[in-house]
Amino acid sequence: MTDEPIIEYTLIKSRRKTISLEVKENGLIVRAPNRTTKREADAFVKKHEAWIVKKRRQIAERKAMEQSVPRLSEEELRVLSQMAKKVIPERVAYYARLMGAHYGRITLRCQKTRWGSCSAKKNLNFNILLLLTPPEVLDSVVVHELCHLFEMNHSARFYKRVYAVYPEYDRWNRWLKDNGNLIMARAGYR
């Protein structure tokens with residue numbers, strides 16, 4: 001009997017201190033400290049085999065769900081974009097007043113991977129697909145990006161500011177993490 005794991009993986013060594021696993025749609029990545037041997041990496045994978053199999057099953061189920069959602073037509077995307085031009089700037093203005101935040105330009109796009117961003121020039125970008133989420137999700141993303149006008153990082157100070165304005169941030173951020181892929185899939189992005 002062999003200790004070889006039955007799961008293939010890509011080993012990436014770096015100056016990190018611990019071994020971690022990343023299950024992706026196209027394979028398994030093992031990230032490990034430079035000193036880690038292949039035998040140690042194999043043992044780590046074998047030890048976590050049940051977890052890896054579970055994660056792979058979840059990814060396959062999510063992929064199947066994403067492929068089953070109805071796609072938005074060009075006309076529906078156009079209407080969504082028009083609605084976003086009204087709704088998102090209103091929400092930004094509301095929370096900016098509340099927070100005393102000053103921002104530059106607001107750009108709205110149908111994006112593949114991001115819900116929002118804030119540039120060093122204080123310009124804000126938002127995904128029009130946010131209009132397919134509950135209003136609380138849109139507000140949580142707006143508050144998140146406005147807080148970047150004060151803190152261009154995700155430090156404890158940043159999150160303290162977020163929670164001061166939007167105490168239910170975690171709940172709606174979790175909703176977006178759990179459902180965001182299905183919404184992106186509606187635009188054909190998954």
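**Ground rules.** I am reading a predicted model, where local features need pLDDT of at least 70, side-chain atom pairs count only at pLDDT 80 or more, and totals for chains, interfaces and linings use all residues. Residues are numbered from 1 along each chain as its sequence is written, and side-chain values use heavy atoms, with hydrogens and water left out.

I take element names from DSSP runs, numbered from the N terminus: helices are H or I with at least four residues, and strands are E with at least two. Two strands pair if DSSP finds at least two bridges between them.

Entry 1: I see an open sheet of three strands in the order β1-β3-β2, with mixed pairing. At its edges I find β1 (10-14) and β2 (20-24), each pairing on one side only. From one strand to the next, the twist averages 20°. I note that β2 and β3 (residues 27-33) run antiparallel and are joined by five bridges. Across β2 and β3 lies α2, running at about 30° to β2. For such angles, axes are lines fitted to C-alpha atoms (for helices over the stretch in contact, meaning heavy atoms within 4.5 Å), and the angles run from 0 to 180 degrees between N-to-C directions.

**Entry 2: another sheet.** I find an open sheet of three strands with the order β4-β6-β5 and mixed pairing. β4 (106-109) and β5 stand at the edges with a single partner strand each, so one side of each has no neighbour in the sheet. The twist here averages 15° from one strand to the next. Between β5 and β6 (residues 124-127) I note three bridges in the antiparallel sense. Gly116 has Phe126 as its bridge partner in β6. Helix α3 (residues 74-99) lies across β4 and β6, at about 140° to β4.

**Entry 3: a loop residue.** I stopped at Lys122, in the loop between β5 and β6. Lys122 has a positive phi of about 70° although it is not a glycine. Its relative accessible area is 37%, so I call Lys122 partly exposed; buried would be under 20% and exposed over 50%, with a 1.4 Å probe and protein chains only.

**Entry 4: the largest pocket.** How much space lies in the largest pocket? I noted about 490 Å³. A pocket is an open set of points on a 1 Å grid over the protein atoms alone, where a 1.4 Å probe fits, with protein on both sides within 12 Å along at least five of seven lines; lining residues have an atom within 4 Å of a point. The volume is the space filled by probe spheres set on the points, which are joined across faces, edges and corners.

Of the 21 lining residues, Trp115, Gly116, Asn173, Leu176 and Lys177 are the closest to the centre. β5 (116-118), α4 (135-147) and α6 (169-186) each give two or more residues to this lining, and α6 has the largest share, with seven. I sorted the lining into seven nonpolar, ten polar and four charged residues. Nonpolar covers Ala, Val, Leu, Ile, Met, Phe, Trp, Tyr, Cys and Pro; charged covers Asp, Glu, Lys and Arg; the others, Gly among them, are polar.

**Entry 5: the second largest pocket.** Here I noted about 190 Å³ of space. Its lining is Arg62, Met65, Arg174, Lys177, Asp178, Asn181 and Leu182. α2 (49-68) and α6 each give two or more of these residues, with α6 giving the largest share, five. By class I find two nonpolar, one polar and four charged residues.
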